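The sequence and structure are shown first.

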Amino acid sequence: MKHLLKMLDLSTEEIIDILNLADQLKYELKHGIPHPHLKGKTLGMIFQKASTRTRVSFETGMYQLGGYPLFLSSNDLQIGRGEPVQDTARVLSRYLDGIMIRTFEQKEVEDLAEYGSIPIINGLTDFCHPCQVLADLMTIREFKGSFDGLKMCFIGDGNNMANSLIVGCLKVGMSVAIACPDDYQPPKEILDFAAAYGDKFVMTNSPAEAAKGADVLITDVWASMGQEGESEKRKKAFAGYQINDELMAAANSDAMVLHCLPAHREEEITAKVFEAHANEIFEEAENRLHAQKAVMVKLMA
């Protein structure tokens, strides 16, 4: 494991290793046990998309690991203003020990990895969100004990979250069902991957069908960053794609609910369901810190 670019690149063993280390680091933090695995290391954090959880969790995580995080906004860099990504990658590789980037195009992340000589971590692109899904898997295992026999149901847009959840959940042995409108399905690359898992993967435009017998229900906002101009169009397309009491009744009685946040209550999820599962959702948010620390240790220590 040289980089974290997308869930498709990780083996099942690598995912489990990251989750096990994340559990250990979480335990050590809760019990006041220092773990300065990255003492003297510097992480450059490139943000071309706004962030709350990604910036705070990576910045805090680096400090807890004994390292130094360096925030780089799009205004701080020549990238995107004429300097090729490959030149940025080669220059920053001479200053830093790792780069986390949160941007739009997956190609930009892949190019940094190709031309640089230090680990690259994908903090989010329009194609995937591996850091979030590692935190999701960590949370599922915490609450359910293992992945054996579990069914994950995703309701909403076949976007970066859906893409990474499909791959991550299938790789750890879960069954996956997703419900999304016909015009908002995941890309062919993800569907081709899922097809190899046979009946462990189901895609439908019926939320009730997808939620039937689910152990974990997950959703995301209807309009992600950069899609705000499509907000009204998306509200019409996703009407009915909401996690609510009716959908929860189709799932298993002890089903948990996750949301990567921010949540738009009464759109993709009702306030009632959100608050009933707030403990799971905010544990999931906290686990971004622990999962990302594990990734940084694996790549940079």
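## Cysteines and disulfides

A disulfide is taken here as a pair of cysteine sulfur atoms within 2.5 Å. By this rule the count comes to 0 disulfides. The structure is a predicted model, in which local features need pLDDT of at least 70 and side-chain atom pairs count only at pLDDT 80 or more, while totals for chains, interfaces and linings use all residues. Residues are numbered from 1 along each chain as its sequence is written, and side-chain values use heavy atoms, with hydrogens and water left out.

In terms of accessibility, buried means under 20% relative accessible area, exposed over 50%, and partly exposed in between, with a 1.4 Å probe and protein chains only. C128 is buried, with a relative accessible area of 2%, and C153 is buried at 0%.

Helices (H or I, at least four residues) and strands (E, at least two) are DSSP runs, numbered from the N terminus. K6 is placed in the segment before α1. Is K6 buried or exposed? At 13% relative accessibility, K6 counts as buried.

Contact means heavy atoms within 4.5 Å. Not counting residues up to four places away in sequence, K6 touches Q106, E110, F127, C128, P130 and E189. Among these partners of K6 is C128, itself buried at 2%.

## Packing of α1 against α12

Axes are lines fitted to C-alpha atoms, for helices over the stretch in contact, and angles run from 0 to 180 degrees between N-to-C directions. Angles under 35 degrees count as roughly parallel, over 145 as roughly antiparallel, 65 to 115 as roughly perpendicular and the rest as oblique. The axes of α1 (residues 12–30) and α12 (residues 278–300) come within 8 Å and cross at roughly 110°; the two helices are therefore roughly perpendicular to each other.

On the α1 side, the contact includes I18, L21, A22 and L25, and on the α12 side it includes L289, A291, A294 and V295. By class, this contact of α1 with α12 has 10 nonpolar, 2 polar and 7 charged residues. Here Ala, Val, Leu, Ile, Met, Phe, Trp, Tyr, Cys and Pro count as nonpolar, Asp, Glu, Lys and Arg as charged, and the others, Gly among them, as polar.

## Packing of α1 against α5

The axes of α1 and α5 (residues 130–144) come within 10 Å and cross at roughly 70°. That makes α1 roughly perpendicular to α5. I15, I16, I18, L19, N20, A22, D23 and K26 in α1 meet L134, L137, M138, R141 and E142 in α5. The residues of this contact of α1 with α5 divide into 8 nonpolar, 1 polar and 4 charged.

## Backbone geometry

Most residues other than glycine have a negative phi, and most peptide bonds are trans. L124, in strand β4 (residues 120–124), has a positive phi near 155°. At 7% relative accessibility, L124 counts as buried.

The loop between β9 (256–259) and α11 (271–276) holds P262. A cis peptide bond joins L261 and P262, with omega about 0°. E266 lies in the loop between β9 and α11, and its phi is near 75°, a positive value in a residue other than glycine.
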